[in-house]
Amino acid sequence: MDPTSSFGVYLHVPFCRTRCGYCDFNTYTADELGPGASQATYADTVIGELALAATVLAAAGRQLRPAATVFVGGGTPTLLPAADLARILDAVTQLFGLQPGAEVTTEANPDSVTAASLQQLRAAGFTRVSFGMQSAVPAVLATLDRTHTPGRVADAVRWARAAGFDQVSLDLIYGTPGETPTQWQHSLEQALELEPDHISAYSLIVEEGTALARRIRRGELAMPDDDLLADAYLAAEEQLSAAGLGWYEVSNWARSPAAQCRHNLGYWRSDDWWGAGPGAHSHVGGVRWWNVKHPAAYAQRIAAGASPAHAREVLTPTERRVEEVLLRVRLAEGCPLSVLQPAAVAAAARLAADGLIDPAALAAGTIVLTRRGRLLADAVVRDLSD
Ligand SMILES: C[S@@+](CC[C@H](N)C(=O)[O-])C[C@H]1O[C@@H](n2cnc3c(N)ncnc32)[C@H](O)[C@@H]1O
Ligand code: SF4
């Protein structure tokens with residue numbers, strides 16, 4: 001473990017009550033799960049992996065560093081009883097330790113929290129909650145197969161505030177088939193009315209193999225239009241920045257630097273993290289590995305005292321550089337020119353002339369996307385990672 005980089009713990013909870021048609025995350029409804037894994041035994045299973053992780057790191061002679069961040073994601077972590085999430089967090093604290101002021105996030109579906117469960121989570125040490133809001137328009141929520149009403153998000157945010165969460169974040173999606181610019185505007189306004197500390201606004205990705213992709217193929221729904229997606233991004237930037245939320249990653253805005261998601265910044269800065277749970281990825285000391293994907297296979301490995309890792313890779317220096325460019329260019333803090341190859345430095349000058357990266361930042365030695373560059377971030381990254 002690089003002692004200078006920050007250490008995070010990710011815990012994957014692979015359960016959802018129903019599957020949203022657009023989502024291809026490693027998550028299972030009760031029908032999809034099959035035998036050999038259950039929500040009821042999940043906390044013990046994942047605690048088993050954490051214990052194994054602590055032993056492996058100690059055996060490798062690596063000094064365990066307290067976690068600066070913990071992020072429980074999914075799936076829908078809040079489908080587990082709050083007492084289970086509290087036990088899992090407690091295991092992280094016992095086995096790894098938590099740094100003072102650690103950021104401890106859980107993702108949550110607005111439908112799967114109550115005032116009481118949020119209070120329990122806050123009392124257990126969670127400091128940040130991220131709700132999947134997606135939209136404030138019932139028709140858009142229906143197209144996305146969301147089960148909550150807009151009012152439920154407002155309740156959940158109110159409950160989280162009353163419980164004393166330091167940070168409340170909302171996920172939004174734009175580009176849903178049939179969503180009008182006015183509807184997206186309305187969702188942004190409604191989200192801002194809830195005064196979140198942080199907003200992630202994602203362009204809807206049509207993932208192969210999802211119900212959404214099938215519906216688009218059958219002609220029932222239209223593919224999101226690139227021009228409308230660009231307009232929706234610009235609308236988000238305008239409204240969010242006017243309300244005091246600044247972008248710090250292409251799809252993420254925060255009310256202040258302290259409200260930025262430190263856990264995700266750790267991924268983007270290539271810090272170390274241990275990911276526990278089915279399909280979770282880890283990155284420690286330049287080595288990456290990922291766990292078996294299915295919860296039943298995962299539970300079987302843990303029960304047998306075996307590593308749940310499915311495969312690992314050690315990145316070559318070139319792969320590390322390309323990945324660093326890929327992730328850091330998307331950050332407002334930018335990517336140091338020192339990371340780039342000479343050909344990419346020449347490309348950077350062209351990109352600045354084209355208005356895609358900031359010329360003043362470039363002159364000072366950093367690649368920072370302009371607003372237009374953020375719309376074309378993938379293309380910019382391609383040009384810079386050669
Ligand atoms: C694990 S979910 C959040 C917690 C909870 N499962 C929920 O949906 O309320 C993570 C977020 O990923 C985003 N997401 C998932 N699939 C997506 C897709 N295909 N395109 C865009 N955003 C997506 C959604 O905004 C979602 O809130
Ligand atoms: S978006 Fe959230 S609730 Fe919907 S299927 Fe994906 S993880 Fe589950």
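## Overall Organisation

Of the contacts in the protein with a separation of 6 or more, 69% are accounted for by residues 24 or more positions apart; a contact means heavy atoms within 4.5 Å. The model is predicted, so local features need pLDDT of at least 70 and side-chain atom pairs count only at pLDDT 80 or more, while totals for chains, interfaces and linings use all residues. Residues are numbered from 1 along each chain as its sequence is written, chains are lettered from A and ligands numbered from 1 in the order in which they are written, and side-chain values use heavy atoms, with hydrogens and water left out.

The protein contains 16 helices and 14 strands, where helices (H or I, at least four residues) and strands (E, at least two) are DSSP runs numbered from the N terminus. Its radius of gyration is 21 Å, close to the 21 Å that the globule rule gives for 386 residues, so the protein is as compact as a globular protein of that length. This radius is taken over C-alpha atoms, and the rule is 2.2 Å times the number of residues to the power 0.38. The C-alpha trace spans about 60 × 50 × 45 Å along the principal axes.

## Surface and Charge

The protein exposes about 16,400 Å², of which carbon and sulfur atoms supply 55%. Accessible areas come from the Shrake-Rupley method with a 1.4 Å probe, and for residues only the protein chains shown count as cover.

There are 31 positive and 42 negative charges, and their mean positions are 4 Å apart. Lys and Arg count as positive and Asp and Glu as negative, without His and the chain ends; each charge is placed at NZ of Lys, CZ of Arg, CG of Asp or CD of Glu.

Buried residues make up 53% of the 386 residues. Buried means under 20% relative accessible area, exposed over 50%, and partly exposed in between (1.4 Å probe, protein chains only).

In the largest nonpolar core there are 92 residues, and those with the most contacts inside it are L11, L118, F131, I367 and L384. Helix α2 (residues 39–59) gives the most to this core, with seven residues. Such a core is a set of buried Ala, Val, Leu, Ile, Met, Phe, Trp, Tyr and Cys residues joined through side-chain atoms within 4.5 Å. Not counting residues up to four places away in sequence, L384 touches V325, V329, L340, A344, A347, A348, L351 and I367.

## Backbone Features in Loops

G74 and G75 are joined by a cis peptide bond, with omega of about 20°. G75 is found in the loop between β2 (67–74) and α3 (82–95).

D145, although not a glycine, has a positive phi of about 65°. This residue is in the loop between α5 (138–143) and α6 (150–163) and is partly exposed, with a relative accessible area of 31%. E195 is likewise not a glycine and has a positive phi of about 50°. The loop between α7 (181–193) and β6 (198–203) holds E195, which counts as exposed at 56% relative accessibility.

## Buried Loop Residues

T127 lies in the loop between α4 (115–124) and β4 (128–134) and is buried, with a relative accessible area of 12%. Leaving aside neighbours within four places in sequence, T127 is in contact with A102, E103, V104, R122, F165, D166 and Q167.

C261, in the loop between β8 (252–254) and α10 (262–268), is buried, with a relative accessible area of 1%. Beyond neighbours within four places in sequence, C261 is in contact with F71, E103, R128, H198 and Y248. C261 and F71 are 190 residues apart in sequence and 9.8 Å apart in space, C-alpha to C-alpha.
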